[in-house]
Amino acid sequence: MAKKSKKQHQPGGTPATVALTAAGVEFTVHSYDHDPSHPSYGEEAAEAMGVSPDRVFKTLVADIDGALTVAVVPVAGQLDLKALAAAVGGKRATMADPTLAERTTGYVRGGISPLGQRKRLPTVLDASASAHSTICVSAGRRGLEVELSPEDLQKLTGAALAPIGRP
């Protein structure tokens, strides 16, 4: 069962929750016991929180023409690499090397947050996010999600909004 709590100040939190607190943004942290044997981090989060998978977004790191870019898409679907490349004016996109993604963002795979990354990367948020009053994204570690408005996420990450997900 997921624990739900409103956070105003979280000393020693993840870089994502620290960034949200510093920005004065309203958010809710959801924690759950991560099962390492679950086949999908995102689907596990949606199930544990009892939230529709189209409101839970995964953070993926792609390589577009040699530059790392963050894509935030619903866990219910997949990332459309061609659409992501087009959204940032690139030609070719591939998934980034997981070790490079971890080293660049400062987070581990399955816990990469679009917020509070070690190096701020260009970010694209799937346009479907705007259909929801709040969405959930990783709070910076497996078993920890943060719920916030898509507008706040877009503002804090400088994300472009584009249709980059597919069912």
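**Figure 1. Strand β3 pairs with strand β6 in the antiparallel sense.** This view comes from a predicted model. The pairing of β3 with β6, residues 93–95, runs over 3 bridges. Within β6, Ala-93 is the residue that stands opposite Ile-64.

**Figure 2. Strands β3 and β4 form a hairpin.** Strand β3 covers residues 57–64 and strand β4 covers residues 67–74. The two strands run antiparallel and are joined by 8 bridges. Ala-67 is found in strand β4. Is Ala-67 buried, partly exposed or exposed? Its relative accessible area is 39%, so Ala-67 is partly exposed. Ala-67 can also be viewed together with Ala-96: the two are 29 residues apart in sequence, and their C-alpha atoms are 9.3 Å apart in space.

**Figure 3. Five strands make an open sheet with mixed pairing.** The order of the 5 strands is β6-β3-β4-β7-β10. Which strands lie at the edges? The edge strands are β6 and β10, and each of them pairs on one side only. On average, neighbouring strands of this sheet are turned by 35° against each other, with direction ignored. Strand β7, residues 123–126, pairs with β10 in the parallel sense, and 3 bridges connect them. Leu-125 has Leu-161 as its bridge partner in β10. Helix α5, residues 150–157, packs on the sheet and touches β4, β7 and β10. The direction of helix α5 makes about 165° with that of β7.

**Figure 4. The largest nonpolar core has 26 residues.** Which of these residues touch the most other members? They are Val-61, Leu-125, Val-137, Val-146 and Leu-153. At least two residues of this core are supplied by each of α1 (15–23), β3, β4, β8 (135–141) and β9 (144–148).

**Figure 5. Leu-125 and the residues it touches.** Residues up to four places away in sequence are not counted in this view. Among the residues that Leu-125 touches are Phe-57, Val-72 and Ile-135. Pro-150, Leu-153 and Gln-154 are also touched by Leu-125. Further contacts of Leu-125 include Ala-159, Ala-160, Leu-161, Ala-162 and Ile-164.

**Figure 6. The protein chain as a setting for the close-ups.** The secondary structure of the protein chain comes to 5 helices and 11 strands. Its radius of gyration is 15 Å, close to the 15 Å that the globule rule gives for 167 residues, so the chain is as compact as a globular protein of that length. Along the principal axes, the C-alpha atoms fill a box of roughly 40 × 30 × 30 Å. Of the 167 residues, 46% count as buried. The accessible surface of the protein chain is about 8300 Å², and 51% of that surface belongs to carbon and sulfur atoms. Among contacts between residues at least 6 apart in sequence, 60% join residues at least 24 apart.

Conventions:
Residues numbered from 1 in each chain as written. Predicted model: local features only at pLDDT ≥ 70, side-chain atom pairs only at ≥ 80, totals over all residues. Heavy atoms only, no water. Pairing = 2+ DSSP bridges. Helix = DSSP H or I, 4+ residues; strand = E, 2+ residues; numbered from the N terminus. Core = buried A, V, L, I, M, F, W, Y, C linked by side-chain atoms within 4.5 Å. Buried < 20%, exposed > 50% of the residue type's maximum accessible area, 1.4 Å probe, protein only. Contact = heavy atoms within 4.5 Å. Rg over C-alpha atoms; globule rule 2.2 N^0.38 Å. Areas by Shrake-Rupley, 256 points an atom, 1.4 Å probe, with all protein chains shown as cover. Axes fitted to C-alpha atoms, helices over the stretch in contact; angles between N-to-C directions.
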